[in-house]
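Student: I am new to this structure and would like to learn how to read it. Could you take me through it one feature at a time?

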Amino acid sequence: MNKGMVYDNIVLIGFMGSGKTSVGKTLARKLYKDFVDVDTVIEKEQGCSITEIFATKGEAYFRSLEQKCINQLTEKKGQIIATGGGVPIHSTISEKSLIVYIDADFDVIVERLPARERAKRPLFDDEERARALYEERKDIYKELATFSVDANQVIPTFIHVIVDYVLDQRVL
Ligand code: S3P
């Protein structure tokens with residue numbers, strides 16, 4: 001990816017609970033783009049929650065839904081797309097996406113994630129397993145990202161860093 005690249009969409013990646021959805025909504029408002037969330041699209045299409053999909057059909061099936069969903073979404077342009085934490089690990093994301101890594105430390109994520117939000121995430125059932133998953137994934141997120149933002153502070157303090165970066169790029 002280089003400076004002359006024209007990106008179709010902005011795709012937010014990062015671990016569960018790092019704030020992708022909240023960042024995405026704010027970013028979309030500030031940049032006058034549409035906001036879409038992969039998990040929400042899947043839940044709507046399937047008519048049930050992510051937890052239910054994991055429980056009844058299994059993780060592999062959920063991963064196939066994610067790949068299909070991100071493919072369909074990136075056929076369009078001009079959107080801010082929030083992904084589930086496993087999307088960049090298990091799926092391929094269109095090369096025409098400006099990928100922003102919402103980079104928060106695991107302890108910050110744990111502090112931010114209320115119990116009701118944890119309950120929606122089957123892979124956060126066990127905190128130590130979630131920590132191991134975080135350690136496994138964090139370098140992959142960084143490598144895949146066009147741009148990483150330190151997300152250890154509250155959103156209003158770092159959102160302008162993303163906005164400035166994006167405005168300096170060409171996104172349809
Ligand atoms: C997952 C992250 C979740 C959701 C599913 C699996 C993961 O999304 O897609 O529970 O593998 O990291 P969030 O990142 O929005 O929590």
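Student: What radius of gyration would a compact globule with 172 residues have, and what does the protein have?

Tutor: The radius of gyration is taken over C-alpha atoms, and the globule rule is 2.2 Å times the number of residues to the power 0.38. For 172 residues a compact globule would come near 16 Å, and the protein has 15 Å, which agrees. Along the principal axes, the C-alpha trace spans about 45 × 30 × 25 Å. Keep in mind that this is a predicted model, in which local features need pLDDT of at least 70 and side-chain atom pairs count only at pLDDT 80 or more, while totals for chains, interfaces and linings use all residues. Residues are numbered from 1 along each chain as its sequence is written.

Student: How many helices and strands does the protein have?

Tutor: Helices (H or I, at least four residues) and strands (E, at least two) are DSSP runs, numbered from the N terminus. On that basis the protein has nine helices and seven strands.

Student: What percentage of the residues count as buried?

Tutor: A residue is buried if 20 or more other C-beta atoms, placed from the backbone, lie within 10 Å of its own, exposed if 12 or fewer, and partly exposed in between. Of the 172 residues here, 31% count as buried. Lys68, whose place is in helix H4, is partly exposed, because 13 other C-beta atoms lie within 10 Å. Phe106, in helix H6 (residues 106–112), is likewise partly exposed, with 18 such atoms within 10 Å.

Student: Which residues is Phe106 in contact with, leaving aside its neighbours within four places in sequence?

Tutor: Two residues are in contact if their C-beta atoms, placed from the backbone, lie within 7 Å. By that test Phe106 is in contact with Arg131 and Tyr134, once its neighbours within four places in sequence are left aside. Among the protein's contacts between residues at least 6 apart in sequence, 78% join residues at least 24 apart.

Student: Which residues touch the most other members of the largest nonpolar core?

Tutor: In soluble globular proteins, nonpolar side chains tend to be buried together. A nonpolar core is a set of buried Ala, Val, Leu, Ile, Met, Phe, Trp, Tyr and Cys residues joined through C-beta atoms within 7 Å. The largest one here has 35 residues, and those touching the most other members are Ile10, Leu12, Ile13, Ile81, Ile99 and Val100. Elements that each supply at least two residues of this core include strand S2 (9–13), strand S4 (79–82) and helix H8 (127–144). Strand S5 gives the most to this core, with five residues.

Student: Is strand S2 enclosed or open, and which way do its residues point?

Tutor: In a regular strand the side chains alternate between the two faces of the sheet. Asn9, Val11 and Ile13 point one way from S2, while Ile10 and Leu12 point the other way. Five of the five residues of S2 are buried, so this strand is largely enclosed by the rest of the structure.

Student: Which strands does S2 pair with?

Tutor: Two strands pair if DSSP finds at least two bridges between them. S2 runs parallel to S5, and five bridges join them; Ile13, for example, has Tyr101 of S5 as its bridge partner. S2 also pairs with S4 in the parallel sense, over three bridges, and there Ile10 stands opposite Ile80.
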